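Trainee: I would like to learn how to read helices, strands and a core from a model. Where do we begin?

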Amino acid sequence: MSGVRGIVHVHSDFSFDCSTPLARIKDLAREKGLSFVVQTEHSNELTAAAHRRFVDEARALRDDAFLMMPAVEYATADNRIHVLALGVEPFWEDLRLCPPERLGELLDRIRDAGGVSVLAHPERANAIERLAPEVLDRIDAVEVWNGKTDRVGPSPRALLEIIRRRRGGRPAPALVGLDLHRVADYRPVGIRVERRPESERDLVEMIRGFRYECFIGPLSWDASSCGGASVVAGRLSKAALDLARAAKRRLRR
Ligand SMILES: [Zn+2]
Ligand SMILES: [Zn+2]
């Protein structure tokens with residue numbers, strides 16, 4: 001696929017834990033030759049008024065060569081499960097710290113609004129194990145690699161979930177997300193689509209319809225058709241990362 005590249009799961013100063021202005025992210029996109037950015041602000045401290053400003057600012061940055069799609073990353077009240085809501089116009093302030101027992105309602109609302117729900121960083125806080133199977137089943141797509149949580153390789157449990165769904169005859173889009181909070185942490189990991197998205201809706205439908213592939217540097221990866229070899233690679237990279245993190249913790253003590 002030639003097409004154009006973009007990045008998914010990016011934060012700006014509309015998120016409580018980030019200080020990067022949206023305009024700086026557009027500059028980054030231009031520097032890196034990206035045609036779109038899926039901007040996913042944390043729901044945690046977001047208000048409806050701030051969300052309105054966020055959407056307006058993101059859309060004002062759009063031009064003939066660049067699309068910034070505003071979206072929200074909803075957190076549960078215990079902050080352990082995060083769900084990206086792509087292609088959804090309203091912000092639901094009542095679910096900004098979603099009680100875990102209302103996750104199903106959040107997913108229903110995303111679907112009714114024509115959006116796509118994505119389970120973010122399934123390995124973080126064991127999110128994928130905490131989800132009731134019937135709730136996990138209703139999430140449209142899975143982030144199989146997250147820049148902050150997984151860092152060096154794909155999430156083995158996320159890949160197994162993709163394989164499980166495919167075996168059940170129900171493919172799920174597998175996405176890679178940078179979870180970018182600082183421009184300095186940028187890495188060339190994102191998705192490539194066949195042509196420049198004409199609108200936010202166009203981009204959402206490309207994701208829903210598997211009309212994209214993931215890229216990692218110069219490599220392309222059809223993560224939605226991943227197999228056992230990817231799971232092994234994910235297990236190895238996760239083991240190496242867990243060891244490195246444990247060593248770092250020991251050094252700090
Ligand atoms: Zn998150
Ligand atoms: Zn995030």
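Predicted model: local features only at pLDDT ≥ 70, side-chain atom pairs only at ≥ 80, totals over all residues.

Trainee: How do I judge the span of helix 6, and what comes just after it?

Mentor: Compare the distance between the end C-alpha atoms with the span expected at 1.5 Å a residue. Helix 6 covers residues 156–167, 12 residues, and reaches 16 Å, close to the 16 Å expected. Just after helix 6, Gly169 has a positive phi of about 75 degrees.

Trainee: Which residues of helix 8 are buried?

Mentor: First the general idea: an α-helix has 3.6 residues a turn, so residues three or four places apart point the same way. In helix 8 the buried residues are Ser230, Gly234 and Lys238. Helix 6 is included in what covers them. Helix 8 has 25 residues and reaches 36 Å from first C-alpha to last, close to the 36 Å expected.

Trainee: Now strands. Is strand 4 mostly covered or mostly uncovered?

Mentor: For a strand, look at each face in turn. Strand 4 (residues 82–86) is mostly covered, with five of its five residues buried. One side carries His82, Leu84 and Leu86, the other Val83 and Ala85, and both faces are covered.

Trainee: How many bridges join strand 3 to strand 4?

Mentor: Look for bridge partners and for the direction of the two strands. Four bridges join strand 3 (residues 67–76) to strand 4, and the two run antiparallel. Glu73 has Leu84 of strand 4 as its bridge partner. The two strands form a hairpin with five residues between them, and Asn79 in the turn has a positive phi of about 65 degrees.

Trainee: And how does strand 4 run relative to strand 6, parallel or antiparallel?

Mentor: Strand 4 and strand 6 (residues 116–119) are antiparallel, joined by four bridges. Here Val83 has Leu119 of strand 6 as its bridge partner.

Trainee: Which residues touch the most other members of the largest nonpolar core?

Mentor: To read a core, ask which members touch the most others. In the largest nonpolar core, of 69 residues, these are Val83, Val118, Val142 and Val144. Strand 3 gives the most to this core, with seven residues.

Trainee: What is Val118 in contact with, leaving aside neighbours within four places in sequence?

Mentor: With those neighbours left aside, the contacts of Val118 are Val83, Leu84, Leu86, Asp140, Ala141, Val142, Glu143 and Leu175.

Methods. Residues numbered from 1 in each chain as written. Chains lettered and ligands numbered in written order. Buried ≥ 20, exposed ≤ 12 C-beta atoms within 10 Å, placed from the backbone. Pairing = 2+ DSSP bridges. Expected span 1.5 Å × (residues − 1). Contact = placed C-beta atoms within 7 Å. Core = buried A, V, L, I, M, F, W, Y, C linked by C-beta atoms within 7 Å.
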